[in-house]
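User: I am new to this structure and would like to learn how to read its features one at a time. Could we begin with the way helices meet?

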Amino acid sequence: MKRNPFLCILGNHIKNKEKMNDFANEDALVLFSGGQDSTTCLYWAKKHFRDVHTVCFFYGQRHSPEVENAQRIAEMAGVSFQVLDTPIISQLAPNSLTDLSLEMDEEKPANSYPNTFVPGRNMLFLTCAAAIAYAKNIRHLVTGVSQTDYSGYPDCRDTFIRSLNVSLNLAMERQFVIHTPLMWRTKAQVWQLADELGVFDLVRNETLTCYNGIKAEGCGHCPACKLRNKGLEEYLSFKEKNKKFGN
Ligand SMILES: [Zn+2]
């Protein structure tokens, strides 16, 4: 009898922690942009899975060096790299990621999302990634979405990811597991994870998070830089305090 995809995914989520070791002989596909979050996820995946593959979405985003930088990091990590062209993103809704005539919101507006928000973007990306994973016979998807994300994009939330996981299983008759290692971490805790994975310097120096396309510490004033640099400061001072107390 076929397993019910809905029940199966509930089970997967409940047992995720205890079961991570069981995945050592399976492959994973990481949604990868070469930024701080997805690079940390890439190395997290390398620790837990046999072979790791990456897919990078190109949609005419403001910071075009992103794709080349992502490819370079994938090469350094020794994982396969695929670019998926998704220009449709710029046609869906006005957003400052792809429309250079829009001035990017530096702060989140009080009652709405910043204009970097593209409705349904993560849903679209995860659906495309699942189709690629299907073709490669991979059932593990890894994405760096986080519910603690400062702007609170709805398709970064845990409830949505669980719901989509069920829908993808039903849509493709597969038992996908979407892993979200950063879901409950603050930016400082994402830095901590990179440190635990032994790639703190690599993430700090090689990744590109800045909306203005500047590697490492970036421009310093776009929302992505502010968030990244604030998290870094918090983590470094936490580490310094721990050192003082001899931990
Ligand atoms: Zn920046």
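User: Which residues of H7 meet which residues of H9?

Analyst: In this predicted model, local features need pLDDT of at least 70, side-chain atom pairs count only at pLDDT 80 or more, and totals for chains, interfaces and linings use all residues. Residues are numbered from 1 along each chain as its sequence is written. On the H7 side are Lys187, Ala188, Val190, Trp191 and Gln192, and they meet Leu227, Arg228, Lys230, Gly231, Leu232, Glu234, Tyr235 and Phe238 in H9. By class, this contact of H7 with H9 has 7 nonpolar, 2 polar and 4 charged residues, where Ala, Val, Leu, Ile, Met, Phe, Trp, Tyr, Cys and Pro count as nonpolar, Asp, Glu, Lys and Arg as charged, and the others, Gly among them, as polar. Two residues are in contact if their C-beta atoms, placed from the backbone, lie within 7 Å. Helices (H or I, at least four residues) and strands (E, at least two) are DSSP runs, numbered from the N terminus.

User: How is the packing of two helices described?

Analyst: Two packed helices are described by the angle between their axes and the distance between those axes. Here helix H7 (residues 187-196) packs with H9 at an angle of about 65°, their axes being 7 Å apart; axes are lines fitted to C-alpha atoms, for helices over the stretch in contact, and angles run from 0 to 180 degrees between N-to-C directions.

User: Which residues have the most contacts inside the largest nonpolar core?

Analyst: In soluble globular proteins, nonpolar side chains tend to be buried together. The largest nonpolar core has 44 residues, and Val30, Ala45, Ala129 and Leu141 have the most contacts inside it. A nonpolar core is a set of buried Ala, Val, Leu, Ile, Met, Phe, Trp, Tyr and Cys residues joined through C-beta atoms within 7 Å; a residue is buried if 20 or more other C-beta atoms lie within 10 Å of its own, exposed if 12 or fewer, and partly exposed in between, with C-beta atoms placed from the backbone. Not counting residues up to four places away in sequence, alanine 129 touches Leu29, Leu31, Val55 and Leu141.

User: Is asparagine 137 buried or exposed?

Analyst: Asparagine 137 counts as exposed, because it has 8 C-beta neighbours inside 10 Å. Most residues other than glycine have a negative phi. Asparagine 137, however, has a positive phi of about 60° although it is not a glycine, and this residue lies in the loop between helix H5 (121-136) and strand E4 (140-142).
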